[in-house]
Amino acid sequence: MNRGTLDTDRFFGALRGALSPVATSEPPPPGLRSAGVLVPLRDAGGEVTVTLARRTERVPHHKGQICFPGGSRDPGDRDLLGTALREAEEELGIRGDDVELLGAMERVPTVTGFCIQPFVARIPREARFHLDGFEVAETFDAPLSVFTDFSRYRAAGTTFLGKPYMVYFFDYGRFTIWGATARILHSLAELARGTGASRG
């Protein structure tokens with residue numbers, strides 16, 4: 001086992017300790033629909049990367065936006081983790097057996113009417129994706145470390161659910177990541193830096 005692998009294993013262990021072991025069971029705020037997303041991380045040769053997807057222009061919500069695999073809870077989902085895993089397999093072909101759950105993050109309400117529960121997971125370095133051509137146009141991996149540079153975020157303040165709400169924007173190559181996805185990445189970066197074991 002090389003030094004990079006040891007460092008990333010240490011990072012994943014520290015991140016697991018910083019995340020909640022279980023998601024909240026509280027109902028979403030009034031008027032919002034429960035949704036679950038998977039935040040896939042992997043060790044790419046000693047560097048932790050996060051897998052993101054770009055939605056097609058044909059989907060009903062969030063056309064063309066950068067996102068994590070996920071969606072609204074279906075009646076058949078046992079819980080929101082079940083939602084996130086089902087959607088990750090449907091959209092990207094990530095099999096549940098290949099997912100190592102690290103923990104849950106705080107829920108993210110969105111102005112588009114959802115209350116998103118993110119689940120952070122480790123996926124195999126060699127994972128290959130099989131995209132749902134209707135929902136997902138492409139995927140890409142970005143080093144988690146770029147999102148820990150908070151000077152790269154732009155933010156716009158608004159009010160949502162009666163409280164101040166920051167909408168984040170992050171430019172990465174030809175992509176602009178914003179909304180709930182940027183908010184989740186910002187929160188994940190805070191957790192990663194807080195562990196003292198940020199790797200990238």
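This is a predicted model: local features need pLDDT of at least 70, side-chain atom pairs count only at pLDDT 80 or more; totals for chains, interfaces and linings use all residues.
Figure 1. Helix H2 covers residues 80-92, 13 residues in total, and extends 18 Å from its first C-alpha to its last, close to the 18 Å expected at 1.5 Å a residue. Just after the helix comes Gly93, which has a positive phi of about 80°.

**Figure 2. Surroundings of helix H2.** Because 10 of its 13 residues are buried, H2 is largely enclosed by the rest of the structure. The buried residues are Leu80, Leu81, Gly82, Thr83, Ala84, Arg86, Glu87, Ala88, Glu91 and Leu92. These residues pack against six strands listed by residue range: E1 (33-43), E2 (48-55), E4 (70-72), E5 (100-104), E7 (114-122) and E8 (136-143).

**Figure 3. The largest nonpolar core and the contacts of Leu41.** The largest nonpolar core has 41 residues, of which Leu41, Val50, Leu52, Val120 and Phe147 touch the most other members. Helix H3 (residues 179-194) is the element that gives the most to this core, contributing seven residues. Apart from this core lies another, of 17 residues; Ala53, Leu80, Leu81 and Ala84 are among them. With neighbours within four places in sequence left aside, Leu41 is in contact with Phe12, Leu15, Val48, Thr49, Val50, Val120, Ala121, Arg122, Ile123 and Leu188.

**Figure 4. The hairpin of strands E9 and E10.** Strand E9 (residues 153-160) pairs with strand E10 (residues 163-172) in the antiparallel sense, over eight bridges. Within this pairing, Ala156 is placed opposite Val167 of E10. Two residues lie between the strands of the hairpin, where Leu161 has a positive phi near 55°.

Figure 5. Across the whole structure, a search finds 10 aromatic pairs. Phe169 and Trp178 form a stacked pair, 5.9 Å centre to centre and with 10° between the planes. Phe169 is partly exposed, since its relative accessible area is 23% and buried means under 20%. Trp178 also counts as partly exposed, at 36% relative accessibility. One aromatic cluster is formed by Phe140, Phe147, Phe150, Tyr153, Tyr168, Phe170, Tyr172 and Phe175. Of these, Phe147 is also listed with the residues that touch the most other members of the largest nonpolar core.

Conventions
Residues are numbered from 1 along each chain as its sequence is written. Side-chain values use heavy atoms; hydrogens and water are left out. Helices (H or I, at least four residues) and strands (E, at least two) are DSSP runs, numbered from the N terminus. The expected span of a helix is 1.5 Å times one less than its number of residues. Buried means under 20% relative accessible area, exposed over 50%, partly exposed in between (1.4 Å probe, protein chains only). Contact means heavy atoms within 4.5 Å. A nonpolar core is a set of buried Ala, Val, Leu, Ile, Met, Phe, Trp, Tyr and Cys residues joined through side-chain atoms within 4.5 Å. Two strands pair if DSSP finds at least two bridges between them. Rings of Phe, Tyr and Trp (its six-membered ring) pair if their centres lie within 6.5 Å; planes under 30 degrees apart count as stacked, over 60 as edge-to-face and the rest as tilted.
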